[in-house]
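Biologist: Could we go through this model together? I would like to start with one residue and then change topic as we go.

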Amino acid sequence: MGLRFRNLNPIYRACIARLSSSSQNRTTAKKSLNLYPKESIFIFSENPAFRIPRREHFGHSHHDHDHHHHLSQDLKEEGENIFRLGLAADIGLATGKAFTGYVSGSTAIIADAAHSISDVVLSGIALLSFRLAKAPRDKEHPYGHGKFETLGALGISCMLLGTAGGIAWHAVDILMGVFSSGPEMVSHAVAHEHVHSHGHGGHHHGIDMEHPILALNMTILSICVKEGLYWITKRAGEKQGSGLMKANAWHHRADAISSVVALIGVGGSILGVKFLDPLAGLLVSGMILKAGAETGYQSILELVDAAIPAQHLDPIKQTILQVDGVKGCHRLRGRRAGSYLYLDVHIEVDPFSSVSAAHNIGENVRKRIHKSHPTVAEIFIHIDPAMSCLSPSTTDQQEDSWSEDKEHGSIASAEDNNIEGIVSDIISSNFPQISVERVTRHMFQGKIVLQIEVSMPPEIQIRDAMEIAKQAEREVLKAVSSVIHVGIQLRLGQPFSHISHG
Ligand SMILES: [Zn+2]
Ligand SMILES: [Zn+2]
Ligand SMILES: [Zn+2]
């Protein structure tokens, strides 16, 4: 085994030398020459593929292959509880208002109860879409149900826009009345028919002047409950990154501040300041309009898979780069679906590591991301050979390039596909002492580096074996144009197949 280690490094060094001499930038190529071989010695002695005990199997059976992951249960529970709290509060308010309205006979309170019932329906829809979004993926929705949450958020945003429009309409209506009619009449109208059309379904917020104390208490209670719900829901929404929660929080606040407007209107009419109510109405309408537009805009961005802002992706990139064996990463991109984040990324690993070792690094990246970023539902990891050390000029292109062909360079031609067969033929016809055991090809931007494992008769002198190997390397290089380096290694120990088949 030791011989194999030592032979790998010269191949690596030679291949780097060849590739860098063909690249345009001489000075940086020299820098990479100094840097990389030292590092590669470290990599090979650490390479997990070579440390696997003899009788163990390679690969998947020995690690927890966790491709499935769901938002941590705590966050889900917390989110559901917030929606349940909102629903319970709305039911409580609706019942309380209906009861006091019925007892007092106040039509304004009954109208307000009707609005609270529509809130119950909306809160129910929000809770349902949140729960639906958290359902595990199935055959019909293999990417999960996260976008249901986005749809719910979009629905609530539309409702907020409608509410804002309704309040604005009402305010403008009163203002027109103020300008067109006499002061006495307006004051009368404001005091006795003070109703706020509340966007969803045209429900009314109003203060009944015949039962001032009861109506006032009910309104103040409603404002406090709704404003409290706004803060609780908003905090949780920001923590979970859920657009639905943020939109729902704003629905609570819209209810609270439209009741405040009703109070201001009553206060204004008592004081005789008739501009107070419509002005407050316009202000509140602007606030709700802004909130509805923001949450609606975010939902639409989410639905069309807009890019995740860099400040959210950078910490994830840092996490990836901290994983052992990751030499770099690029093309990290994400899509949001409700509170879930779906990512894909290219990670760069040592180009000479085995597929199983590289896969293992990928799995470590996945585990680390799930551990430190619980909102990431899934991450797709593509493994690239680390090329940045070979030709610095291409890394900048890689960062910017989003088209697959451009990044991964030319693909080997059809002739190259049977390179192993060609190599075996050349060696067996020219060098009868050598029997080819295994040909491993390494690809660097369309160029091929061959690692040929051979066995030779035990009587042969090592000096002679080296001479034969040198000739064979030359023959193979001559025969296949796309091969830039050949390394022949003598097999001394047990072949790998003994390990993998137990
Ligand atoms: Zn409402
Ligand atoms: Zn890539
Ligand atoms: Zn896998």
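Modeller: Contact here means heavy atoms within 4.5 Å. This is a predicted model, in which local features need pLDDT of at least 70 and side-chain atom pairs count only at pLDDT 80 or more, while totals for chains, interfaces and linings use all residues. Residues are numbered from 1 along each chain as its sequence is written, chains are lettered from A and ligands numbered from 1 in the order in which they are written, and side-chain values use heavy atoms, with hydrogens and water left out.

Biologist: What is Thr-100 in contact with, leaving aside its neighbours within four places in sequence?

Modeller: With those neighbours set aside, Thr-100 is in contact with Gly-105, Ile-109, Leu-214 and Met-218.

Biologist: And where is the place of Thr-100?

Modeller: Thr-100 sits in helix H4, residues 73–104. Helices (H or I, at least four residues) and strands (E, at least two) are DSSP runs, numbered from the N terminus.

Biologist: Is Thr-100 buried or exposed?

Modeller: Thr-100 has a relative accessible area of 15%, so it counts as buried. The cut-offs are under 20% for buried and over 50% for exposed, with partly exposed in between (1.4 Å probe, protein chains only).

Biologist: Which backbone oxygen lies 2.7 Å from a polar atom of the Thr-100 side chain?

Modeller: That oxygen belongs to Gly-96.

Biologist: Let us step back. How many helices and strands does the protein chain have?

Modeller: The protein chain has 17 helices and eight strands. Of its 502 residues, 45% are buried. Among contacts between residues at least 6 apart in sequence, 72% join residues at least 24 apart.

Biologist: Which residues form the nonpolar patch on the surface?

Modeller: Val-172, Met-176, Phe-179, Phe-275, Leu-279 and Leu-282 form the patch, with about 600 Å² of accessible area together. Patches take residues with over 30% relative accessible area and no salt bridge; like charges are joined within 9 Å, and nonpolar side chains (Val, Leu, Ile, Met, Phe, Trp, Tyr) within 5 Å.

Biologist: Which helices each supply at least two of its residues?

Modeller: Helix H6 (146–180) and helix H10 (276–303) do. H6 gives the most, with three residues. Phe-275 lies in the loop between helix H9 (243–271) and H10, and at a relative accessible area of 35% Phe-275 is partly exposed.

Biologist: Turning to charges, how many salt bridges does the structure hold?

Modeller: The structure holds 17 salt bridges; each is a side-chain nitrogen of Lys or Arg within 4 Å of a carboxyl oxygen of Asp or Glu.

Biologist: What does Glu-149 form a salt bridge with?

Modeller: Glu-149 pairs with Lys-134, and their closest N and O atoms are 3.0 Å apart. Glu-149 lies in helix H6 and Lys-134 in helix H5 (residues 107–134), so the bridge ties together parts 15 residues apart in sequence. Both Glu-149 and Lys-134 are buried.

Biologist: And Arg-441, what is its partner?

Modeller: Arg-441 forms a salt bridge with Glu-420, the closest N and O atoms being 3.2 Å apart. The pair links distant parts of the chain, 21 residues apart: Arg-441 in strand S6 (residues 435–444) and Glu-420 in helix H15 (residues 419–430). Arg-441 is partly exposed at 22% relative accessibility, and Glu-420 is partly exposed at 26%.

Biologist: Which side chain does Glu-453 meet in a salt bridge?

Modeller: Glu-453 meets Arg-491, at 2.7 Å from N to O. Glu-453 lies in strand S7 (residues 447–455) and Arg-491 in the loop between strand S8 (483–490) and helix H17 (497–500), so parts 38 residues apart in sequence are tied together. Glu-453 is buried, with a relative accessible area of 9%, and Arg-491 counts as buried at 16%.

Biologist: Which residues do salt bridges that share partners join into one network?

Modeller: Asp-90, Asp-119, Lys-226 and Asp-255 are joined in that way.

Biologist: Last topic: how far apart in space are Phe-148 and Gly-338?

Modeller: Their C-alpha atoms are 7.3 Å apart, although the two residues are 190 apart in sequence. Phe-148 lies in helix H6 and is partly exposed, with a relative accessible area of 27%. Not counting residues up to four places away in sequence, Phe-148 touches Ser-129, Leu-132, Ala-133 and His-141.

Terms used. Areas by Shrake-Rupley, 256 points an atom, 1.4 Å probe, with all protein chains shown as cover. Polar contact = N/O pair within 3.5 Å; in protein donor to acceptor, adjacent residues only side chain to side chain.
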